[in-house]
Protein chains: 2
Amino acid sequence: MKQESIIGVIGGMGPYAGLDLVHKIFDETLAATDQEHVPVALLSYSPRIQDRSAFIFGAIQENPGYAIAGVAAALETLGASVAGMPCNSAHMPPIFDVTRQRLRDGGHTIRLLHLVDETIQHVRSTLPHVKRVGPLSTLGTFRTGLYEKAIKAAGLFPVMPTETVQADLVHRAIYDTQFGIKAHSAPVTARASAMVRDAIDHLRTRGAEVVILGCTELPMAVSPDDDPTLIDPARALARALLRETYPHKLRPLGAAR
Amino acid sequence: MKQESIIGVIGGMGPYAGLDLVHKIFDETLAATDQEHVPVALLSYSPRIQDRSAFIFGAIQENPGYAIAGVAAALETLGASVAGMPCNSAHMPPIFDVTRQRLRDGGHTIRLLHLVDETIQHVRSTLPHVKRVGPLSTLGTFRTGLYEKAIKAAGLFPVMPTETVQADLVHRAIYDTQFGIKAHSAPVTARASAMVRDAIDHLRTRGAEVVILGCTELPMAVSPDDDPTLIDPARALARALLRETYPHKLRPLGAAR
């Protein structure tokens with residue numbers, strides 16, 4: 001029997017980020033019944049996938065891209081032709097390129113969408129007048145220039161935070177063990193939330209027309225759904241996955257849920 | 001390479017209920033890093049699984065149990081030895097018995113935990129003094145006596161709502177197209193929320209020591225996490241799935257998250 005296309009999600013980086021992406025896939029689907037929803041397979045195999053930042057900074061030797069490719073191959077076996085992963089640091093070239101190469105070497109045909117490229121593409125297609133794009137992220141993503149390079153490659157102008165704002169506001173808001181979002185996310189502390197808002201204002205003062213919340217934790221601190229100039233990469237990826245599989249079910253932008 | 005046990009989740013009934021169960025599995029896990037979390041596979045294949053209530057009430061002929069068994073078999077292929085599904089009506093005997101039989105006939109060994117039995121077991125093990133248990137559910141679940149029979153089978157005393165309360169408060173709070181929880185869940189309307197609270201008070205007045213929120217929508221209307229006498233079946237199932245796979249990672253009851 002011919003089965004319908006399955007949307008694959010490589011989860012576990014972290015576990016809740018995988019759930020958040022699937023939630024957004026459902027949110028962005030035009031469906032009035034269970035049966036009208038799209039089929040999604042989420043494989044949250046976090047014990048198998050080593051820490052992405054630890055690899056990038058040399059603390060561990062094993063490239064997480066091999067394990068990620070293994071999960072993608074399992075999704076292909078289930079019938080997924082396309083997959084996404086809601087982890088910014090897994091898209092840094094030393095990891096992402098190895099993942100794609102490993103899949104090619106194994107003869108796999110599943111297509112892995114690129115979170116960062118899809119986010120920039122989302123800005124270009126939904127806000128075509130925007131030229132100056134400000135990304136916020138972890139210090140690791142910032143230093144590797146992941147968003148900065150992708151923004152430039154798309155012919156747009158990156159508006160970056162100063163190193164001080166990046167380290168003292170954004171990184172601490174995410175990682176501080178006392179008040180950071182990784183330690184306290186339900187709810188996010190007032191202090192972390194204020195720091196993220198200050199960093200957003202900083203990029204706007206520098207001329208950013210939109211701000212990309214380029215780390216899974218950042219959309220928890222502010223509400224990107226209420227402000228079209230705040231871009232949530234997970235929502236962009238959710239929409240891209242639907243576009244590639246069930247474009248007729250993709251909720252029009254701005255339509256009520 | 002020996003891979004770790006995977007927890008299987010049969011989602012799509014409905015899509016958000018599958019996410020809610022996985023969220024609770026993660027919440028109930030003792031883990032400080034991504035890698036310490038447990039591996040979970042969620043297959044949300046809602047287009048393949050026909051409406052459970054429609055089958056029970058004779059509106060459709062195809063037993064959803066066949067499709068559910070197919071999803072369970074796919075989870076087994078991935079390496080899951082145990083699975084659960086967060087849908088009360090899929091546990092009514094005409095569906096659940098067929099699902100288990102189909103898996104047996106196919107030579108499958110994956111074990112499907114039973115949401116209702118695990119919920120009653122959860123009450124017995126965590127609140128051993130409780131004798132009088134009041135279940136709230138949809139009208140279909142109420143009429144088939146799913147919870148009532150399971151409570152009796154466990155040697156406890158079921159405290160049931162009157163038919164009027166069941167139909168006019170609980171069922172309408174879930175299904176009313178104007179203010180019901182299926183139509184408005186983010187946030188739940190004040191009216192639906194008040195109706196669910198009135199139904200809970202009704203069961204307490206009748207002598208219920210605990211109230212089971214035996215329909216996926218009901219925990220959205222009240223906050224079972226704040227009241228140990230309100231039982232959320234999805235949380236009971238999440239803990240049962242961990243108990244069967246990673247008992248050393250199961251968060252002690254009452255421990256801070």
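Modeller: Buried means under 20% relative accessible area, exposed means over 50%, and partly exposed lies in between (1.4 Å probe, protein chains only). Helices are DSSP runs of H or I with at least four residues, strands are runs of E with at least two, and both are numbered from the N terminus. This is a predicted model, in which local features need pLDDT of at least 70, side-chain atom pairs count only at pLDDT 80 or more, and totals for chains, interfaces and linings use all residues. Side-chain values use heavy atoms, leaving out hydrogens and water; residues are numbered from 1 along each chain as its sequence is written, while chains are lettered from A and ligands numbered from 1 in the order in which they are written.

Biologist: What makes H11(A) mostly covered?

Modeller: The count does: 11 of the 13 residues of H11(A) are buried. Among them are Pro233(A), Ala234(A), Arg235(A), Arg239(A) and Thr245(A).

Biologist: Why is the contact of Lys24(A) and Asp232(A) called a salt bridge?

Modeller: A salt bridge needs a side-chain nitrogen of Lys or Arg within 4 Å of a carboxyl oxygen of Asp or Glu. Lys24(A) and Asp232(A) meet at 2.5 Å, N to O. The pair links distant parts of the chain, with Lys24(A) in helix H1 of chain A and Asp232(A) in the loop between strand S8 (230-231) and H11, 208 residues apart.

Biologist: Are Lys24(A) and Asp232(A) buried or exposed?

Modeller: Lys24(A) has a relative accessible area of 9%, so Lys24(A) is buried. Asp232(A) is at 8%, so Asp232(A) counts as buried too.

Biologist: Which residues are linked in a network of salt bridges?

Modeller: Glu28(A), Asp225(A), Arg235(A) and Arg239(A) are linked in such a network. Over all chains the count comes to 30 salt bridges.

Biologist: What ties Glu217(B) to Lys182(B)?

Modeller: A salt bridge does, with the closest N and O atoms 3.2 Å apart. Glu217(B) lies in the loop between strand S7 (210-213) and helix H10 (218-221), and Lys182(B) in the loop between helix H8 (163-175) and helix H9 (190-205), so parts of chain B that are 35 residues apart in sequence are tied together. Glu217(B) is at 13% relative accessibility, so Glu217(B) counts as buried. Lys182(B) is at 46%, so Lys182(B) is partly exposed.

Biologist: How many aromatic pairs does a search of the whole structure find?

Modeller: Two, over all chains. Tyr16(A) and Phe26(B) form one of them, at 5.7 Å centre to centre and 75 degrees between the planes. This pair crosses between chains, from helix H1 (residues 15-27) of chain A to helix H1 (residues 15-27) of chain B.

Biologist: Why is the pair of Phe26(A) and Tyr16(B) called edge-to-face?

Modeller: Rings of Phe, Tyr and Trp (its six-membered ring) pair if their centres lie within 6.5 Å; planes under 30 degrees apart count as stacked, over 60 as edge-to-face and the rest as tilted. Phe26(A) and Tyr16(B) are 5.7 Å apart, centre to centre, with 75 degrees between the planes, and are edge-to-face. Phe26(A) lies in helix H1 of chain A and Tyr16(B) in helix H1 of chain B, so this pair joins two chains. Phe26(A) is at 1% relative accessibility, so Phe26(A) counts as buried. Tyr16(B), at 32%, is partly exposed.

Biologist: How many residues of chain B are in contact with chain A?

Modeller: 33 residues of chain B are in contact with 33 residues of chain A, where contact means heavy atoms within 4.5 Å. The two chains bury about 2800 Å² between them, 57% of it on carbon and sulfur atoms; buried area is the accessible area (1.4 Å probe) lost on putting two parts together, summed over both. The rule finds four salt bridges across this interface. Glu4(A) and Arg48(B) meet in a salt bridge at 2.7 Å, N to O. H1, S2 and helix H3 (64-78) of chain B each supply at least two residues of the side that touches chain A. The largest share of that side, seven residues, comes from H1(B).
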